[in-house]
Amino acid sequence: MSLRAGAAIVGVAESDLGEVGPGFTPLDLIGQATSRALDDAGLEKVDVDGLFSASAYYHMPTLSVGEYLGIRPRYSDATNMGGSSFVSHLFHAASAINAGFCEVALIAYGSTQRSASGRLVSGSEALPYEAPYKPRYPVSAYALAASRHMHEYGTTREQLAEVAVAAREWAKLNPKAFVRDDLSVEDVIDSRMVSSPLSILDCCLVTDGGGAALVTSAERARDLAKAPAYLLGAGEAHWHRNISQMPDLTTSAAAESGPRAYEMARLGPEDMDVVMLYDAFTINTVLFLEDLGFCEKGEGGPFISGDRISPGGELAVNTNGGGLSYNHPGMYGLLLLIEAVRQLRGECGERQVADTNLALVHGNGGVLSSQVTAILGSEETL
Amino acid sequence: MAEDVAAVGAPAEVYRSYLKKGKLGFQRCRGCRSAIFYPRMLCPVCGSASFAWEESGGGGTVYATTAVYHRDREPHNVALVDLEEGFRMMSRIEGVPVEEVEVGMEVAFAVREEDGEPAAVFVPVAKTGEG
């Protein structure tokens with residue numbers, strides 16, 4: 001039984017983003033985003049019977065979210081594999097809807113990490129075999145991967161910087177982006193080094209923010225307010241938790257999650273109009289373009305170089321400005337989905353990619369650990 | 001003689017006991033002969049529960065490296081080292097400025113005591129000038 005086009009995202013919304021101010025809790029942002037997403041879909045809270053959430057704040061997130069919102073789900077899934085979790089939740093929600101275990105699923109997330117501390121809130125435990133060496137979590141893990149990619153394939157700091165510049169160019173077109181001022185390759189390279197070869201502008205933002213997405217059956221989706229974004233394909237994979245256990249630091253498990261999603265969708269990378277990749281660090285975009293088949297392994301640096309993933313370039317990547325320039329509230333996966341849905345609906349204003357009917361969303365979690373790919377399509381793609 | 005994995009104690013404790021003697025211990029799977037690190041109770045390659053502890057010769061190559069920067073002190077190195085026996089571990093390369101640690105550099109195991117605990121580190125192997 002294929003999940004292809006069995007379910008669709010029918011409502012999406014962000015909470016307030018950026019810096020929401022003292023006193024607000026992550027649950028407050030989830031409440032705000034959920035209210036907006038229900039309005040977006042034309043659904044009532046009472047319609048929701050499936051609940052999906054992950055959190056670095058709440059040990060039992062679907063319980064906390066369900067209690068706060070007054071939702072009593074008959075299907076509850078708090079899968080946590082880091083920032084990719086929400087793309088996984090979409091996959092799992094579609095599976096549950098397909099199997100008849102729920103009809104309207106809410107995927108929700110919130111974080112107040114910027115207002116609370118200005119630092120990444122992470123529940124990650126240290127591996128005893130890594131802790132003595134004091135890697136900075138998670139940036140040092142990504143820096144190790146970047147060092148290896150540079151060694152094997154000649155990828156340069158300039159090419160990594162171009163990822164950040166492309167994200168910034170998209171962010172300039174998005175009024176909700178947290179940083180929208182000019183950025184050059186030199187600015188990135190000259191910025192404060194954090195964990196070489198990654199400097200502070202190779203790293204994602206630390207912002208507040210949250211989101212909500214509503215998923216229902218394709219049949220019910222057609223009766224709702226907005227054009228459905230159908231889930232055509234999904235795949236997930238993970239091979240390690242800790243960076244010292246990653247088999248090959250230049251190839252992530254996206255090399256498996258991507259083909260799984262393509263196979264279900266009966267589509268390939270060449271079909272995608274918009275590509276949303278989890279860019280916690282500049283190296284991510286390079287690795288995922290390779291692992292998801294947009295270019296050959298090792299060719300990610302040249303692929304992005306020369307404004308090829310900037311507005312007006314060859315491939316529309318991270319059109320909201322990404323985790324690098326739009327927002328990154330600790331876990332970012334849900335915001336990837338929201339942007340993809342809006343691109344499919346044609347709601348993206350200045351940054352709208354013309355004739356978008358297919359969008360690939362790729363979530364990453366941990367330290368290049370969990371990889372989840374989803375392919376969304378408009379009515380025309382069915 | 002090969003030792004039974006459970007009989008010799010908790011994997012983390014056996015590893016530590018090797019370090020306390022100045023040695024780098026790792027497990028060798030009796031099923032598939034893979035070198036296993038970090039130590040466990042089941043082979044992540046073949047699923048066998050039968051291991052032997054072995055002592056590494058300590059020779060390795062830097063697989064990946066980063067220098068972690070601080071606002072108030074000098075940067076420190078974090079590296080992944082591939083040991084000649086076929087396992088990889090996180091460690092630190094000492095005896096060379098952090099930005100001079102390179103992928104592919106040949107290194108050798110040494111033990112340091114930190115906060116009362118032994119830790120495995122690596123130092124560059126001096127070039128002999130031959131070959």
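Predicted model: local features only at pLDDT ≥ 70, side-chain atom pairs only at ≥ 80, totals over all residues.
Q: What makes up chain B, counted in helices and strands?
A: Chain B has one helix and eight strands, and its elements run α-β-β-β-β-β-β-β-β from the N terminus on. Helices (H or I, at least four residues) and strands (E, at least two) are DSSP runs, numbered from the N terminus.

Q: Why is chain A called as compact as a globular protein of its length?
A: Start with its make-up: chain A holds 13 helices and 12 strands. Its radius of gyration is 19 Å, close to the 21 Å that the globule rule gives for 382 residues, so chain A is as compact as a globular protein of that length. The radius is taken over C-alpha atoms, and the rule is 2.2 Å times the number of residues to the power 0.38.

Q: Why does L344(A) count as buried?
A: Buried means under 20% relative accessible area, exposed means over 50%, and partly exposed lies in between (1.4 Å probe, protein chains only). L344(A) has 11% relative accessibility, so it counts as buried. This residue lies in helix α13 (residues 333–345) of chain A. Leaving aside neighbours within four places in sequence, L344(A) is in contact with residues including A229(A), T356(A), L358(A) and L376(A), where contact means heavy atoms within 4.5 Å.

Q: What makes E339(A) buried?
A: With 3% relative accessibility, E339(A) counts as buried. Helix α13 of chain A holds this residue. Beyond its neighbours within four places in sequence, E339(A) is in contact with M276(A), T319(A), N320(A), C348(A) and R351(A).

Q: How do you know that helix α10 of chain A is largely enclosed by the rest of the structure?
A: Count its buried residues: 10 of the 10 in α10 (residues 282–291) qualify, so the helix is largely enclosed by the rest of the structure. Among them are I283(A), L287(A), F288(A) and E290(A). α10(A) is followed by G293(A), which has a positive phi near 85 degrees.

Q: Which residues have the most contacts inside the largest nonpolar core?
A: They are I9(A), L214(A), L289(A), F294(A), I375(A), L376(A) and M89(B), in a core of 166 residues. Helix α6 (residues 157–171) of chain A gives the most to this core, with nine residues. A nonpolar core is a set of buried Ala, Val, Leu, Ile, Met, Phe, Trp, Tyr and Cys residues joined through side-chain atoms within 4.5 Å. In soluble globular proteins, nonpolar side chains tend to be buried together. Not counting residues up to four places away in sequence, I375(A) touches a set of residues including Y230(A), L231(A), M272(A) and L358(A).

Q: Why is K134(A) called partly exposed?
A: The relative accessible area of K134(A) is 48%, which makes it partly exposed. K134(A) sits in the loop between α4 and α5 of chain A and has a positive phi of about 50 degrees, although it is not a glycine. Most residues other than glycine have a negative phi, and most peptide bonds are trans.

Q: What makes D355(A) count as exposed?
A: At 69% relative accessibility, D355(A) counts as exposed. D355(A) lies in the loop between α13 and β11 (358–365) of chain A, and its phi is near 55 degrees, a positive value in a residue other than glycine.

Technical notes. Residues numbered from 1 in each chain as written. Chains lettered and ligands numbered in written order. Heavy atoms only, no water.
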